[in-house]
Amino acid sequence: KKKMSAEEIAQAFVQHYYTTFDSEERPSLASLYTESSVMTFEGQQFQGATNILGKITSFGQIAHNITTVDVQPSVTESAMLVYVGGHVSIDGDSPIQFSQVFQLVATGPGEFVLNNDIFRLVYT
Amino acid sequence: LIMSAQEIAQAFVQHYYTTRDTNPTALASLYQDGSTLTFEGTMVQGGAAISQKFQSIGPVKHQHKSMDVQPGPNSSYLVIFITGSVQIGGDNPLHYCHFFQLVSTGPGAFYVHNEVFRLNYGL
């Protein structure tokens, strides 16, 4: 079985995350977060899968369009950083630019959780 | 006196931008061999290459606005996300986003292990 590169893992994750977020399956994203996961959305911080799920399911119709993905190895071999840039449309409104950073921590071959998640809208 | 994560981040951000804008070569001490910078999609590794990259950009002036702080995967890591505006070489200010992961090397001592910088242009 071919081992995926960090770039491949990151691209697969980004694809999965935003496709799922924008669909009716959004609640299933909860499995990506643990008790110690921290998510900051527009300056508001949430800790743990339950609280994070509560926040992400509070949004209505969302459509993300991804333009940039930057990947970096983190401090240990089992972690990586994924920095995403793109546009997001909230409830069908005009798209706004956003940036989002994730820290993925491996829990097994091909499996990982999100330890960190920070989202900011960008008003240029 | 033990500083909170917010206090550490605030002090770091202040120090970083002041140094970056006025004396960029002095920033080199913030990085180690394993440090990675991705600047507008270009990745460089290690203090020397990172310093070189900053020098190649020329004079900059940052005005940071928002700061989000989170603990990293263990207690000696700290993650910081900043937004603000930056003037590069006296041009008009542009919006930017800036991400750091700091690693503690001892009480009150940190180095930058990860850094990602992106400019944001209008839609």
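Contact here means heavy atoms within 4.5 Å. Helices (H or I, at least four residues) and strands (E, at least two) are DSSP runs, numbered from the N terminus. This is a predicted model: local features need pLDDT of at least 70, side-chain atom pairs pLDDT 80 or more, while totals for chains, interfaces and linings use all residues. Side-chain values use heavy atoms, without hydrogens and water.

**Helix α1 of chain A**

Helix α1 covers residues 6–21 of chain A. Buried means under 20% relative accessible area, exposed over 50%, partly exposed in between (1.4 Å probe, protein chains only). Among the buried residues of α1(A) are Phe13(A), Tyr17(A), Tyr18(A) and Phe21(A). The buried residues of α1(A) fall within an arc of 160° seen down the axis, so they line one face. They pack against α2, β3, β4, β5 and β6 of chain A.

**Aromatic pairs**

Rings of Phe, Tyr and Trp (its six-membered ring) pair if their centres lie within 6.5 Å; planes under 30 degrees apart count as stacked, over 60 as edge-to-face and the rest as tilted. The count is 21 aromatic pairs over all chains. Two tilted ones follow.

| Pair | Centre to centre | Between planes |
|---|---|---|
| Tyr18(A) and Phe98(A) | 5.9 Å | 50° |
| Tyr83(A) and Phe81(B) | 6.1 Å | 35° |

Tyr18(A) is in helix α1 and Phe98(A) in strand β5 of chain A, so their pair ties together parts 80 residues apart in sequence. Tyr83(A) in β4 of chain A and Phe81(B) in β4 of chain B make a pair that crosses between chains. Phe81(B) is buried, at 0% relative accessible area.

How values were computed: Residues are numbered from 1 along each chain as its sequence is written. Chains are lettered from A and ligands numbered from 1 in the order in which they are written. The expected span of a helix is 1.5 Å times one less than its number of residues. The arc is that of the directions from the helix axis to the C-beta atoms.
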